[in-house]
Structure formats: C-alpha cells, structure tokens
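Visitor: I'm new to this structure and would like a close look at just one part of it. Could you pick a spot where helices meet and walk me through it?

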Amino acid sequence: MWNSYLGKRLKGCGYAFKGALLLLRHEASIQVQAVIGIIMTVAGFYFEISTTEWILQIFAIGLVMSIEGLNTAAEEIADFVHPDFHNKIGFIKDVAAGAVFFAAFTAVIIGCIIYIPKF
Ligand SMILES: Nc1ncnc2c1ncn2[C@@H]1O[C@H](COP(=O)(O)OP(=O)(O)OP(=O)(O)O)[C@@H](O)[C@H]1O
C-alpha cells in the first residue's frame with residue numbers, strides 16, 4: 001500500500017516536471033520570464049544581495065512563472081472547450097491574464113525595492 005502511494009506521488013512529480021518542460025519549450029511568455037529570471041539571478045550575485053533579498057527575488061520569479069503557467073492552462077482549456085469567438089471566453093482569458101499582471105507588478109515592485117538603493 002505504501003509502495004503504491006509513493007509510486008503515485010512519484011508519477012505525479014514526473015507529470016509535473018513534464019508540464020514544466022512543456023511550458024519552457026512551447027510558451028514564449030514563460031521563456032521570456034525564465035530569461036528575466038536568469039538575468040535577475042546574475043544581478044543578485046553581482047550586487048551580492050542579502051539572504052532576505054534572495055528569498056524575495058526567488059519568490060517573485062517563481063510566482064510570475066507559476067501564474068503564467070496557470071494562465072496558459074486556462075487559455076488552453078478555453079480554446080479547447082470553445083474554439084470560436086465568445087465574450088465569455090474573452091472574459092476568462094482577460095482575467096487569467098490579469099492574474100499574471102498582478103504577479104508581474106508585484107515582482108517589479110520587489111525588484112525596485114531590492115535594486116534601486118544599490119544605484
Ligand atoms: N475565443 C475568443 N473569444 C473572445 N475573445 C477572445 C478569444 N480568444 C482571444 N480573445 C481575446 O483576445 C485576447 C488574447 O487572446 P489570446 O488567446 O491570443 O491570448 P494571448 O495572451 O495573446 O495568448 P498567448 O499567451 O498564447 O500569447 C484575450 O485576452 C481575449 O480578450
């Protein structure tokens with residue numbers, strides 16, 4: 001029983017990892033965010049940011065990429081269930097994009113708080 005429980009959890013991790021790779025391979029917006037994340041990581045080493053700043057920065061990068069992944073999932077479901085134009089589909093896609101906006105805005109504020117004092 002424990003074996004099958006562990007096996008299922010490991011399989012779940014495998015699917016999640018596959019999903020992360022799919023996002024990185026096929027989603028332009030996630031690719032851009034990943035590149036920005038790498039640039040910010042290099043900047044973090046260059047400016048020798050503190051442990052708290054690292055935590056905030058890593059959290060911001062993860063937050064934006066996670067919400068973008070969910071936005072992609074929402075768009076895919078919307079296109080699958082209703083490929084034609086519909087106001088409701090437009091609303092669903094707009095609010096999903098709005099969620100990414102909140103995350104990105106938060107990340108920009110965090111970035112400003114960390115880096116503006118260093119210039
Ligand atoms: N089927 C539809 N019905 C109504 N409005 C739509 C529909 N598809 C897209 N839209 C409108 O166009 C906007 C952009 O949709 P789209 O699916 O191209 O998203 P996108 O953010 O450009 O996607 P991607 O992340 O793939 O670049 C939506 O936010 C919505 O306002």
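This is a predicted model: local features need pLDDT of at least 70, side-chain atom pairs count only at pLDDT 80 or more; totals for chains, interfaces and linings use all residues.

Guide: Two packed helices are described by the angle between their axes and the distance between the axes. Our pair is α3, which covers residues 51-81, and α4, which covers residues 87-115. The angle between them is about 170°, and their axes sit 9 Å apart. Angles over 145 degrees count as roughly antiparallel, so α3 is roughly antiparallel to α4. As for what lines the contact of α3 with α4, its residues divide into 18 nonpolar, three polar and four charged.

In soluble globular proteins, nonpolar side chains tend to be buried together. Here, the largest nonpolar core has nine residues: I30, A60, I61, V64, M65, I67, V100, A103 and A107. Both α3 and α4 supply at least two residues of this core, and α3 gives the most, with five. Take M65, one of the core residues: setting aside neighbours within four places in sequence, M65 is in contact with I30, Q33 and A34.

Last stop, the ligand. Around the ligand you'll find S29, E75, F85, H86, I89, G90, K93, D94 and A97. This shell takes its largest share, five residues, from α4.

Methods. Residues are numbered from 1 along each chain as its sequence is written. Axes are lines fitted to C-alpha atoms, for helices over the stretch in contact, and angles run from 0 to 180 degrees between N-to-C directions. Helices (H or I, at least four residues) and strands (E, at least two) are DSSP runs, numbered from the N terminus. Angles under 35 degrees count as roughly parallel, over 145 as roughly antiparallel, 65 to 115 as roughly perpendicular and the rest as oblique. Ala, Val, Leu, Ile, Met, Phe, Trp, Tyr, Cys and Pro count as nonpolar, Asp, Glu, Lys and Arg as charged, and the others, Gly among them, as polar. A residue is near a molecule or strand if its C-beta atom, placed from the backbone, lies within 6 Å of it. A nonpolar core is a set of buried Ala, Val, Leu, Ile, Met, Phe, Trp, Tyr and Cys residues joined through C-beta atoms within 7 Å. A residue is buried if 20 or more other C-beta atoms lie within 10 Å of its own, exposed if 12 or fewer, and partly exposed in between; C-beta atoms are placed from the backbone. Two residues are in contact if their C-beta atoms, placed from the backbone, lie within 7 Å.
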